[in-house]
Amino acid sequence: MEGHVVVRILSLLLSSLCTWVPMVVMGRTGNITASNSRPGVVNVGSLFTMNSVIGRSVKPAIVAAIDDVNSDSTVLPGTKLNLISHDTNCSGFLGTIEALELMEKEVIAALGPQSSGIAHVISHVVNELHVPLLSFGATDPTLSALQYPYFLRTTQSDYFQMYAIADMVEYFGWREVIAIFVDDDYGRNGIAVLGDALAKKRAKISYKAAFTPGAPESEINDMLVGVNLMESRVYVVHVNPDSGLSIFSIAKYLRMMTTGYVWIATDWLASVLDSSESIDPDKMDLLQGVLALRHHTPDSNSKRSFTTRWKNLKNKETNGFNSYALYAYDTVWLLARAFDVFLKEGGHISFSYDPKLLTTNGSSLQLSGLRVFNQGARLLQILGGMNFTGLSGQIQFDQDRNLVHPAFDILNIGGTGFRRIGYWSNYSGLSVTSPEILYTKPPNDSTINQHLYSVIWPGETTVQPRGWVFPNNGKPLRIAVPYRVTYKQFVTKDKNPPGVKGYCIDVFEAAVNLLPYPVPRAYMLYGDGLRNPSFSNLVMDVAQNKYDAGVGDITIVTNRTRIVDFTQPYMESGLVIVTPVKKGKSTAWAFLKPFSFQMWCVTATFFLFVGAVVWILEHRMNHEFRGTPRQQLITIFWFSFSTMFFAHRENTVSTLGRLVLILWLFVVLIINSSYTASLTSILTVQQLSTRILGIDSLIASADPIGVQDGSFAYNYLIEELNVAQSRLKILKTQEEYVNALHLGPKGGGVAAIVDELPYVELFLSNTNCEFTTVGQEFTKSGWGFAFQRDSPLAVDLSTAILTLSENGDLQKIHEKWLARSGCNSQSSVVNDNQLSLASFWGLFLICGVACSIALTIFFCRVFLQYRRYIPEDEEVAEPEEPESSRTTRRSLRATSFKDFVDKKEAEVKDKLKRKSTSDSKKQASQASDGHLSPP
């Protein structure tokens, strides 16, 4: 190889010396300087590794395309393409030399290379000489048009392939992958894009396993042994097709092609499989269950015709061809069509010396022999604007000079072949419908519309692998457990294995036991045991990889969810307020406490008022409301107060009386019920010893507030509720809880304690309900187990916790550790405010208005009866009657009205009836007398 390199260099130097002329020269193959006539022959170069998987498919395709162009009279009439091929031998150094040699041949464009690394180097050469480089195989995403303006990629960029893999990872629900790649431009840059694509899906590359190009099997073996000890079981293999199968051979030997593993290969594997009609069964045995991507080329008549023609091509070394052969064929036609447009525009071919290279005459390399293609910029512009349909599909470039409509087939290898389980396109993501059909519909790449057919995974199973295991490196899961000082029922240190115990530990162990795989774990106490640790610091240490997980009474709050992942809550929680209470002391006059003095006075007044109203309405027609004045007074009092107990024996017969009584009995019912409830509360329940009724009154006051040491409530009150830090008092033990509440704010204690509900329930039970909660929970949260971001164990444990809740095991664990007999956390408490008139004045107003209306109707009716009852001769005064007589008459009439009101209704109606009859007869008699008298 070294001798070959020396020979090539000497050949290059001699060629440079022989062809140096200090003026513009004519091309030896017909590229005439400054000629307006169509050239008979133009030179086209090709650069690729011929003895490679891609090269063996590309070489016959390029030759076939050159022949087709030269035999097609509609394209480049009168002009032939002369192909000059150079072998890059998979070497960046040799590829550069071959490129320089090719540039000496005054080519109008170069086809290739297939290697991204070589393309990086050669792109600098063509940029300087203005020769378009049309690459059908360099897929490195960093080969951009901005950095390399004369580089034009005629195949799909790995940028899109990596996003296709990221969509597959998201579709199957994996969060971490391990990238296995060759450590060159092609491998590194492709995997860098994969990392960016996964990050957008909240996934990541957990480890990058790189190996040198041409690495021996021992190096690959050591690399695979290392990744097999890691957590992730999803491997993305991005290597060269010529050496890629050795990875699977070694993986098979290491038993890494069995159940639980996931292997995703980029398009290199499909290139290997497509290059031959029949594949060695031993090779296929290495690839069972592997997922692979392949460039999507739509079915067409021209593609089928080329497939048939392939068998008859000369100098082919393989029975099949891969997608790169189609792209290479289309690249030749792209150049031919563009150059035809160039010539039709009147373009001509000319080459000139590069002034920059003329300054290197002192060098033995003699680079001044290289010439610049003067019309290269115009040809490149035409190439970028071409649009036609080739064997690989539509050949058109976007603004970034990438082929439009990038798409890939997703293959699942199994048995003696492979099957297509779906497609990926940047138009609609994953789909089982071909991209050509989707292009006719509106784009829709939402997650719910992503679909693939079922997959047969390694180990010949259809059960989707979990994608991860616990690292097989002898290291158990590092679990931080808070070393609590208070409420040790939840979690505390234990002398027996596993070293901790409590409600939280039992829940975690029960959930782990439901997982279908073992979880090696080691509990590590967090804290010094002298005071409760800071739970926020514990969560932060988990996020910083000091621990793998945090297990305990860890509250799920917003700022913590930003740095770690929590499981499903296994305990409901929320902040509540604890205050002291005092027992109500009963006295001989306790029955007067329910109502205020004003309420008692108004109630008594209305009892008498309603009794009097009913007596007035019933007196004239109900014999039970008649009698001597003494008896009637007694009746009024008796009836009034007997309605309090609904024990009145007098019946009401008047309509107005019944109406008033019904309304009054309703008022009495409300008053009785309220009195009974209030008196019961006073005699039987506790009373608050403070004025704190809820979070609003607590914030509004200036009293000290107690919080548990290490609780998130401290920061919550300061940051969310704007409580002054000076008001907060940290309490470390339950004894401090009790003392602070007993002392109260005036004695150096606190007015209330803000803590989470599970702690409060346990505290109240331990203190025999000496304290109580007031108001409602003013936050809603829960306890969960904390894991590092994107940990798959958090998802599996969440499912296990739901199972524990559904089958009742979670409640059994709760009863084991936390069940206590005693008080309800929300004990019945009352305020010492009495029921006042403000709560009942509406009822009294309705009743008063009803009584007034009834009395008005009654007296109007009585007055009308009275007017009818008085004799007519009494209503007509004598004209000459003295004043003294009239005064006496008015006095008698008033006395008569009082007597009239006292008369029975029946008696009045009877007399009025007789009077009405007498008046009728008298009128009839007068009418008869008037008729008989003479005129």
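Visitor: Where does L855 sit?
Guide: Happy to start there: L855 belongs to helix α28, which spans residues 841-869. Helices here are DSSP runs of H or I with at least four residues, strands are runs of E with at least two, and both are numbered from the N terminus. This is a predicted model, in which local features need pLDDT of at least 70 and side-chain atom pairs pLDDT 80 or more, while totals for chains, interfaces and linings use all residues. Residues are numbered from 1 along each chain as its sequence is written, and side-chain values use heavy atoms, with hydrogens and water left out.

Visitor: Why is L855 called buried?
Guide: Its relative accessible area is 16%. Buried means under 20%, exposed over 50% and partly exposed in between, with a 1.4 Å probe and protein chains only, so L855 counts as buried.

Visitor: Which residues is L855 in contact with, leaving aside its neighbours within four places in sequence?
Guide: V613, I616 and L617, where contact means heavy atoms within 4.5 Å. The C-alpha atom of L855 is also 9.6 Å from that of G657, although the two are 198 residues apart along the chain.

Visitor: What makes S425 count as buried?
Guide: S425 has 2% relative accessibility, so it falls on the buried side of the cut-off. This serine is part of strand β16 (residues 417-425). Beyond its neighbours within four places in sequence, S425 touches P406, A407, P435 and Y439.

Visitor: And what makes E460 count as exposed?
Guide: E460 reaches 69% relative accessibility, so it is classed as exposed. E460 lies in the loop between α15 (435-438) and β18 (477-482). Its phi is near 55°, a positive value in a residue other than glycine.

Visitor: How do you know how α3 lies relative to α4?
Guide: Helix α3 (residues 92-103) and helix α4 (residues 116-129) pack at about 25°, with axes 9 Å apart. That makes the pair roughly parallel, since angles under 35 degrees count as roughly parallel, over 145 as roughly antiparallel, 65 to 115 as roughly perpendicular and the rest as oblique. Axes are lines fitted to C-alpha atoms, for helices over the stretch in contact, with angles from 0 to 180 degrees between N-to-C directions.

Visitor: Which residues of α3 and α4 meet?
Guide: G92, G95, T96, A99, L100 and M103 in α3 meet I118, V121, I122, V125, V126 and L129 in α4. Those residues comprise 9 nonpolar, 3 polar and no charged.

Visitor: Why are α2 and α11 called roughly perpendicular?
Guide: Helix α2 (residues 53-71) and helix α11 (residues 301-310) pack at about 110°, with axes 12 Å apart. They are therefore roughly perpendicular to each other. R56, S57, P60, A61, A64 and D68 of α2 make the contact with F306, R309 and W310 of α11.

Technical notes:
Nonpolar A, V, L, I, M, F, W, Y, C, P; charged D, E, K, R; others polar.
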